[in-house]
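Here is a short report on one protein model.

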Amino acid sequence: MDDDAARWEAVEEAAELLLEGAHEEALTLLRAAIAGDPKNAYAYFHSGNALYELERYAGAVVAFRSALALSPDYAGARLGLAHALRKVGEPAEALRIAMAGVTALGEDSDHLYAAALAAEATGERAPATELLRRCLATR
């Protein structure tokens with residue numbers, strides 16, 4: 001089994017728990033996965049999701065940044081980071097991160113939506129409206 005498959009296998013149960021809404025239980029498993037393999041970007045990503053759902057946004061920012069440090073092209077981690085940054089009151093940085101996703105992926109609706117929310121949070125209504133229009137045009 002290659003490293004990527006082993007790393008996914010290490011978080012698979014926790015990912016299922018997240019889908020079931022068992023965020024604390026998933027977080028316990030994810031912390032163990034990180035302790036066993038500190039280079040497991042999946043574990044950091046899913047930790048970010050768990051922390052976000054538990055409204056521990058600062059911790060989610062750290063987890064998503066850790067996932068991106070290990071896997072700079074991890075689109076899900078970039079998207080999660082954009083949303084978490086907005087929640088901790090850093091909408092300009094959230095907008096920058098979300099737009100990096102749009103640049104990397106093209107007119108990706110999820111990143112456009114995150115960018116629209118971040119732009120709105122900065123008080124820039126016209127750019128937010130344009131980003132939301134672009135998001136809806138992808139559907």
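## Negative patch

Glutamate 25 sits in helix α2, residues 23-36. Helices here are DSSP runs of H or I with at least four residues, numbered from the N terminus. Glutamate 25 is partly exposed, because its relative accessibility is 48%. The classes are buried (under 20% relative accessible area), exposed (over 50%) and partly exposed (in between), with a 1.4 Å probe and protein chains only. The model is predicted: local features need pLDDT of at least 70, side-chain atom pairs count only at pLDDT 80 or more, and totals for chains, interfaces and linings use all residues. Residues are numbered from 1 along each chain as its sequence is written, and side-chain values use heavy atoms, with hydrogens and water left out.

Glutamate 25 belongs to a negative surface patch, together with Glu9, Glu12, Glu13, Glu16 and Glu20. Helix α1 (residues 3-19) is the main contributor, giving the most with 4 residues. Patch members have over 30% relative accessible area and no salt bridge; like charges are joined within 9 Å, and nonpolar side chains (Val, Leu, Ile, Met, Phe, Trp, Tyr) within 5 Å. Asp and Glu count as negative, Lys and Arg as positive; His and the chain ends are not counted. A charge is placed at NZ of Lys, CZ of Arg, CG of Asp or CD of Glu.

## Nonpolar patch

Which residues make the nonpolar surface patch? They are Tyr113, Leu132 and Leu136, and the patch covers about 290 Å². Areas come from the Shrake-Rupley method with a 1.4 Å probe; for residues, only the protein chains shown count as cover.

Leucine 132 lies in helix α8, residues 125-137. Its relative accessible area is 35%, so leucine 132 is partly exposed.

## Salt bridges

How many salt bridges does a search of the whole structure find? The search finds 6. The criterion is a side-chain nitrogen of Lys or Arg within 4 Å of a carboxyl oxygen of Asp or Glu. One of them pairs aspartate 37 with arginine 7, with the closest N and O atoms 2.6 Å apart. Arginine 7 is partly exposed at 22% relative accessibility.

Another bridge joins the side chains of glutamate 24 and arginine 56, at 2.2 Å from N to O. Glutamate 24 is in helix α2 and arginine 56 is in the loop between α3 and α4, so the bridge ties together parts 32 residues apart in sequence. Glutamate 24 is partly exposed, with a relative accessible area of 40%. Arginine 56 is partly exposed too, at 34%.

Arginine 133 bridges to glutamate 130, and their closest N and O atoms are 2.5 Å apart. Both residues are in helix α8, 3 residues apart, or about one turn of the helix. Arginine 133 has 47% relative accessibility and counts as partly exposed. Glutamate 130 is partly exposed at 35%.

## Buried positions

Serine 47 lies in helix α3, residues 41-53. Is serine 47 buried or exposed? Its relative accessible area is 4%, so serine 47 is buried. The serine 47 side chain reaches the backbone oxygen of alanine 43 at 2.7 Å. That is a polar contact: N or O atoms within 3.5 Å, where within protein one must be able to donate a hydrogen and the other to accept it, and residues adjacent in sequence count only if both atoms are side-chain atoms.

Alanine 67 is in helix α4, residues 57-70. At 0% relative accessibility, alanine 67 is buried. Its C-alpha is 5.5 Å from that of phenylalanine 45, 22 residues away along the chain.

Glycine 80 is in helix α5, residues 75-87. Glycine 80 is buried, with a relative accessible area of 10%. Glycine 80 and tyrosine 52 are 8.3 Å apart, C-alpha to C-alpha, and 28 residues apart in sequence.

## A positive phi

Glutamate 55 is in the loop between α3 and α4. Its phi is positive, about 60°, although glutamate 55 is not a glycine. Most residues other than glycine have a negative phi. At 59% relative accessibility, glutamate 55 counts as exposed.

How values were computed: Helices (H or I, at least four residues) and strands (E, at least two) are DSSP runs, numbered from the N terminus.
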